[in-house]
Amino acid sequence: MQIRFWGTRGSLPAPLGRQGVRRKLVNALVKAAGKGLDTPEKADRFCDEELTFAESSTFGGNTSCVQIDTGGSDYLLCDLGSGVREFSLSAVARHGPGQPQTYHVLLSHVHWDHIMGFPFFVPAFIPGNRICLYSCHPHLESAIRNQNHAPCFPVEFEALAAKIEFHHLEPGRAYDICGATVVGADQLHSNESFGYRIESGGKAVVYTTDSEHKPEDAESMRRVADFFRDADLVIFDAMYSLADSISMKEDWGHSSNVIGVELCQMAEAKSLCLFHHEPINSDEEIERILHETRRFEEITRSGAPLAVHAAFDGLVLEI
Amino acid sequence: MTYEKTALEGALIVTPRVDRVDMTNADAFKEALLEAVGLASTVLVVDMSHLDYISSAGLRSLMIAHKAAKSDQKTLSLAALRPLTTEIFTISRFNLVFTLYGGVREALTALAPDSVAQFDGL
């Protein structure tokens with residue numbers, strides 16, 4: 001199973017901006033001084049070997065969209081944040097016109113950052129394409145239809161040329177979607193949110209974003225750990241620090257890196273991917289959080305190691 | 001949960017005799033801290049020197065006690081954290097919530113200087 005991240009920010013898109021690019025450029029030029037980087041190959045090697053990820057790249061600014069490749073010809077996505085635009089351009093470029101495709105999309109909920117990419121989802125404009133939208137959320141269809149509606153968007157939903165279907169899922173029930181077995185679970189988040197466990201070919205990935213966890217509620221923590229049980233990868237809402245998530249941002253519906261590690265350790269999951277990054281966090285701050293999370297996993301480990309990743313727009317993980 | 005209380009002039013020192021606070025004993029930890037907040041006059045110093053590990057549930061107990069102290073216009077501070085516990089405070093950003101003192105005496109010097117001589121005589 002291959003997991004490709006197209007959008008990884010929480011709440012709203014967060015482009016890097018001029019100052020951010022300038023800061024990286026100045027830093028890299030200073031570090032490169034005197035190193036004779038007179039060919040692209042030497043410069044590339046310097047970026048890979050002597051700069052940190054945050055110095056040479058960016059975690060990106062698009063909101064939630066993750067592709068799960070189970071090996072079939074259809075596409076399977078989680079959420080339709082702004083990252084889906086990049087995905088759709090890539091898919092259309094790959095297939096060209098006149099080659100109808102089927103796209104299956106699991107939606108965690110209908111907050112704007114998770115559906116805002118749909119009006120720009122190019123396959124929806126192409127006749128012959130089939131787009132199947134699935135969610136446990138009761139308002140999926142109305143939210144998607146209302147978004148493609150004047151005065152918020154000039155193209156009405158009814159004008160979209162693809163065949164678009166809505167499928168309501170019941171939490172806790174297994175469904176066969178795009179060749180995978182999918183089970184949804186209720187999550188703690190304002191206006192409702194749902195996580196999905198996706199299993200295919202003996203591998204399991206859990207997509208769980210926009211979900212708060214109460215560490216004092218042992219039963220709830222155990223229930224979540226059971227949902228994560230033995231997963232090969234858990235894509236986890238780690239938007240806030242633990243201190244923020246249980247003080248000033250308590251009941252804001254998000255979680256932290258610390259809780260992510262604790263739940264994955266309870267579940268004996270194999271890897272954790274920090275996701276739904278706080279939009280005000282710089283690349284340097286996200287990279288720091290990644291290193292700290294790996295250290296936290298190390299000092300609290302009692303069983304097998306848990307691999308820790310930080311999602312970025314363009315990350316590809318094989319499980 | 002077993003914890004020692006040392007009452008000084010202007011400060012109360014509480015020493016939890018536990019090496020680990022997690023989901024299994026976080027409630028008892030919270031109750032012990034809240035009781036200490038009630039007993040303290042103005043300054044409460046929690047001696048963390050026995051603690052090897054504190055989970056998110058334990059940190060939440062500290063947060064609740066911190067809020068209770070604040071609403072009573074009292075100060076709850078932490079002292080003598082072991083290196084791994086200090087790391088957990090940094091990673092969770094609880095180091096931004098609490099002032100962490102290297103030792104109990106250091107905390108008293110900063111928060112209740114009149115109690116230091118009494119502490120030295122213990």
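The questions and answers below concern a predicted model.

Q: What share of the contacts in chain A with a separation of 6 or more comes from residues 24 or more positions apart?
A: Two residues are in contact if their C-beta atoms lie within 7 Å. Counting the contacts in chain A with a separation of 6 or more, the share from residues 24 or more positions apart is 72%.

Q: Which residues of helix H6 of chain A are buried, and where on the helix do they lie?
A: Helix H6 covers residues 140-147 of chain A, and its buried residues are A:Leu140, A:Ala143 and A:Ile144. Seen down the axis of H6(A), these fall within an arc of 95°, so they line one face of the helix. Their cover includes helix H5 (112-115), strand S5 (130-135) and strand S6 (163-168) of chain A. The buried residues, then, are A:Leu140, A:Ala143 and A:Ile144, and they lie on one face of the helix.

Q: Which element gives the most to the side of chain B that touches chain A?
A: The contact takes 17 residues from chain A and 16 residues from chain B. On the chain B side, the elements giving two or more residues are helix H2 (56-71) and helix H3 (83-92). With 5 residues, the element that gives the most is H2(B).

Conventions: Residues numbered from 1 in each chain as written. Chains lettered and ligands numbered in written order. Predicted model: local features only at pLDDT ≥ 70, side-chain atom pairs only at ≥ 80, totals over all residues. Helix = DSSP H or I, 4+ residues; strand = E, 2+ residues; numbered from the N terminus. Buried ≥ 20, exposed ≤ 12 C-beta atoms within 10 Å, placed from the backbone. Arc of directions from axis to C-beta.
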